[in-house]
Amino acid sequence: MVFTEILTGKIWNAELESRAVKYNLILSPKNVKVAYRLAATDVPDSLKNLIAESGLTGGTFADWKEETYNTIPDTSFNYIHRYLADYTWKGQPYLLKWSSAVRGQRIGYDISMLPGISNFTTLESGDLPDAIPQYLQRKGLQFSWANVLTDARDSKLYQVYIRVDRAYYPLFFNGDGQLIAGSDQPLWINDTRDYPENITAFISKANVNNDFGFQGKIDRLVANEMDGIKSYHLTVNEVNEMPEKLQSWIIVFDANAKPLFRNYVSTVF
């Protein structure tokens, strides 16, 4: 068994072998957060076909593994399988997650792609750097859950969801536990004439350079400001989206339209 520390004194990555089967786990002193069985190197044809028809075509897979346990049950759909793989796309490392689920009488598929090489979700604020729960306590904010992302340089990004009434909003913190984006009072910008010019310029340039893998259009833009820190939460959908196949990029920008976070999501019915 090999342990690698992810968060000092809080979270570890563990690799172990049992009965000739290799496993990868992320755990705290209290519990296992998520566990994977290291799978064969062959990528299922169904996933290859989905990728070929999506904006993510052309990347390369590595470290293929099947999720066998997650401390956070997903009750949205009746998932059959969940897989995770390293996916290098347009020269950048991502974590690609593929899930299959029963939806009515059909099998549906979800694909998500996050930047970095490691990600886990926690329901416990104690799994985060002390500065983050202390900040939430000072602001009187209710913690719900958090995603912890690690990139190839071991830099951390914390996506922390807070609950306000019946809604959930993400706050983003850097590796030092400092707020860099988000708000507990987001403002939806519905009029395209009110979009910041540097945001629309970013979308235009991305479409010209095929940075999204598809022609994108702004579906939703949210402005945030908290403690004087301004940011934008943007959803970009495919121009020619279809009800049976949806793909989007979710991008968080700082006040100068510099991307802080990018997440690809796709659903195929």
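A pocket's lining residues are those with an atom within 4 Å of one of its grid points. By that rule, strand β18 gives the largest share of the lining of the second largest pocket, four residues. The model is predicted.

**Second largest pocket**
- About 750 Å³ of space lies in this second largest pocket.
- Its lining counts 23 residues. Nearest the centre lie Gln-92, Pro-115, Asp-151, Arg-153 and Leu-260.
- By class, eleven of the lining residues are nonpolar, seven are charged and five are polar.

**Largest cavity**
- Searching the whole structure turns up one cavity of 30 Å³ or more.
- The largest cavity holds about 40 Å³ of space.
- Leu-50, Ser-54, Ile-111, Lys-245, Ser-266 and Val-268 form its lining.
- That lining splits into three nonpolar residues, two polar residues and one charged residue.

**Aromatic pairs**
- There are 15 aromatic pairs in the structure.
- One of them joins Trp-89 and Trp-249: the ring centres are 5.8 Å apart and the planes meet at 25°, so the pair is stacked. The cut-off for stacking is under 30 degrees.
- This pair links distant parts of the chain, 160 residues apart. Trp-89 belongs to strand β6 (residues 78-89), and Trp-249 to strand β17 (residues 245-254).
- Both Trp-89 and Trp-249 are buried.
- Elsewhere, ring pairs tie Phe-61, Trp-64, Tyr-83, Tyr-87, Trp-98 and Tyr-109 into a cluster.

**Charges over rings**
- Trp-249 also has a charged neighbour: Arg-262 lies over its face, at 4.3 Å from the ring centre.
- Lys-65 lies over the face of Tyr-36, at 5.1 Å from the ring centre.

**Strands β9 and β10**
- Strand β9 (residues 118-122) is mostly covered, with four of its five residues buried.
- β9 pairs with β10 in the antiparallel sense, over five bridges.
- Ser-118 has Thr-150 of β10 as its bridge partner.

Conventions: Residues are numbered from 1 along each chain as its sequence is written. This is a predicted model: local features need pLDDT of at least 70, side-chain atom pairs count only at pLDDT 80 or more; totals for chains, interfaces and linings use all residues. Side-chain values use heavy atoms; hydrogens and water are left out. Rings of Phe, Tyr and Trp (its six-membered ring) pair if their centres lie within 6.5 Å; planes under 30 degrees apart count as stacked, over 60 as edge-to-face and the rest as tilted. Helices (H or I, at least four residues) and strands (E, at least two) are DSSP runs, numbered from the N terminus. Buried means under 20% relative accessible area, exposed over 50%, partly exposed in between (1.4 Å probe, protein chains only). A charge sits over a ring if NZ of Lys or CZ of Arg is within 6 Å of the ring centre and within 35 degrees of the ring normal. On a 1 Å grid over the protein atoms alone, a cavity is a set of points where a 1.4 Å probe fits but cannot get out, and a pocket is an open set with protein on both sides within 12 Å along at least five of seven lines; lining residues have an atom within 4 Å of a point. Grid points are joined across faces, edges and corners, and a volume is the space filled by probe spheres set on the points. Ala, Val, Leu, Ile, Met, Phe, Trp, Tyr, Cys and Pro count as nonpolar, Asp, Glu, Lys and Arg as charged, and the others, Gly among them, as polar. Two strands pair if DSSP finds at least two bridges between them.
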